[in-house]
Amino acid sequence: MTSLLVIIVLVLLAIALWQLTKIFDLTQVGVSSDSSQVANDKDNNLQGYLMFGFLAFLYIFTIYGLLKWGNLPLHNPASAHGAQVDNLMNITWILIFTVQAITQVLLYYFAFKYKGKKDQKALYFADNNKLEAIWSIIPAVVLAGLILYGLYAWTNIMFIDEDEDTVVVELYAQQFKWTARIAGEDNVLGKANVRYIEGVNTLGVDLSDPNAQDDIVVTELHIPKGKKIHFKFRSQDVLHSAYFPHFRAQMNCVPGMVTEFAFTPIYTTAEYREMPEMIEKVAHINELRAKKSVELIAKGQPGLDPYTFDYLLLCNKICGASHYNMQMKVIVDTPEEYKKWLAQQKTVVQEVKASLEQPAEGESAAPGEAKEKDTVAAAPVAMK
Ligand SMILES: [Cu+2]
């Protein structure tokens, strides 16, 4: 609020100053003898040096930005293909920085060198084929190389070998949450359809499908380190985008179709937390949170808990009012930990069964009634 007021005051001051100079102009106060509207050598010189001033501003701001915010981008990729994505990104940055550094200097230097001078006329210059060829061919070759490397990296990343030993996981997007379904022992997801959505069967799993019997539905995803995870994405309502920043992976979730992506996690959550860059980052975040907590507590509100790092799945398409809050915790376990966790999970069939056994709120369960609903086949969702 204070900063907004400061901005308003500054803008008003600027307007006032501008109006004052206009009044001075009108009253001829402080105006030089040359009141011509045509630029003279003095004006042109000033514009020439201002060009250099702007160039200096560009570079100083770029260097300042790199020093101040250069540590914000994510560090080590947590997936096997991540290094390739980072490599492509770094090459692109180097190209952009080099080209920008050269062209900006030339642009402002020539603007200065060929500034207007009295009695000097511009040279009429039709064209130069050699120059045109140079500045067309060099960017074309460089960009073609970059695109080819990008395509190569993309096909490498997107290739999913059907025979490979993977863990199949479905990610179900809806406004505004993620739900995951692990394919279970058979590693095949059962059929699912929005028409089967009922009660705890929030993903619409077809409970009569043999492949669905061992499917496990969770809201906090665990995956094992070192194994390829084959994700299949569905959306219930609008376009969402499954974004795993630490794994350098993103895929759109489109209503009415299944999209896919696979990656292999290479660090467990515990290992990633122990990385020096991560320790530093978390310490910095907690410093900020501690400061904020002091402010909050002074206002009589509860303070903030310290932050611990976790991999996240985010939504990267603006899908509605609570889009910002659409996320799911992803935990990478060692294969042993994963097995243990998996063994503790209930299958979706068991979940549905349990929910049918429980009496509805306000209803007293008659013993016979509960028994009647004891089979999954009795669930309406299972009838085809
Ligand atoms: Cu979304």
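# Close-up views of a predicted model

**View 1. Helix α3 packs against helix α4 in this predicted model.** The axes of α3 and α4 (residues 129-158) lie 10 Å apart, and the angle between them is about 165 degrees. Angles over 145 degrees count as roughly antiparallel, so α3 and α4 are roughly antiparallel to each other. The crossing of α3 past α4 is left-handed. On the α3 side, look for Gln 84, Leu 88, Thr 92 and Leu 95. Their partners on α4 are Val 142, Leu 146, Tyr 149, Gly 150, Ala 153, Asn 156 and Ile 157. Sort the residues of this α3 and α4 contact by class and you get seven nonpolar, four polar and no charged ones.

**View 2. Helix α2 meets helix α3.** Here α2 (residues 41-69) and α3 (residues 82-113) have axes that come within 8 Å and cross at roughly 165 degrees. That crossing angle makes α2 roughly antiparallel to α3. As α2 passes α3, the crossing is left-handed. Which residues do the meeting in α2 and α3? From α2 come Gly 48, Met 51, Phe 52, Phe 54, Leu 55 and Leu 58, and from α3 come Gln 104, Val 105, Tyr 108, Ala 111 and Phe 112. By class, the α2 and α3 contact has nine nonpolar residues, two polar ones and no charged ones.

View 3. Across residues 66-161 the chain is 69% helix and 0% strand, and 40 Å separates the end C-alpha atoms.

**View 4. Lys 113 in α3, and Asp 119 in the loop between α3 and α4.** Is Lys 113 buried or exposed? Lys 113 counts as exposed because it has 9 C-beta neighbours inside 10 Å, and the cut-off for exposed is 12 or fewer. Its C-alpha atom is 26 Å from that of Ile 138, which is 25 residues away along the chain. Now find Asp 119 in the loop between α3 and α4. Asp 119 has 5 C-beta neighbours inside 10 Å, so this residue counts as exposed too. Its phi is near 65 degrees, a positive value in a residue other than glycine. Most residues other than glycine have a negative phi.

**View 5. Two loops between strands, with Phe 176 in one and Arg 248 in the other.** Phe 176 sits in the loop between β1 (166-174) and β2 (177-182). The peptide bond from Gln 175 to Phe 176 is cis, with omega near 0 degrees. Most peptide bonds are trans. Over in the loop between β6 (240-244) and β7 (249-253), you'll find Arg 248. Arg 248 isn't a glycine, yet its phi is positive, at about 50 degrees. With 21 C-beta neighbours inside 10 Å, Arg 248 counts as buried.

**View 6. Leu 288 in helix α6.** Helix α6 covers residues 276-298, and Leu 288 is part of it. Leu 288 counts as exposed because it has 11 C-beta neighbours inside 10 Å. The C-alpha atoms of Leu 288 and Pro 306 are separated by 9.9 Å, with the two residues 18 apart along the chain.

Definitions and conventions. Residues are numbered from 1 along each chain as its sequence is written. This is a predicted model: local features need pLDDT of at least 70, side-chain atom pairs count only at pLDDT 80 or more; totals for chains, interfaces and linings use all residues. Axes are lines fitted to C-alpha atoms, for helices over the stretch in contact, and angles run from 0 to 180 degrees between N-to-C directions. Helices (H or I, at least four residues) and strands (E, at least two) are DSSP runs, numbered from the N terminus. Angles under 35 degrees count as roughly parallel, over 145 as roughly antiparallel, 65 to 115 as roughly perpendicular and the rest as oblique. A crossing is left-handed if the near helix is turned anticlockwise from the far one by less than a right angle, and right-handed if clockwise. Two residues are in contact if their C-beta atoms, placed from the backbone, lie within 7 Å. Ala, Val, Leu, Ile, Met, Phe, Trp, Tyr, Cys and Pro count as nonpolar, Asp, Glu, Lys and Arg as charged, and the others, Gly among them, as polar. A residue is buried if 20 or more other C-beta atoms lie within 10 Å of its own, exposed if 12 or fewer, and partly exposed in between; C-beta atoms are placed from the backbone.
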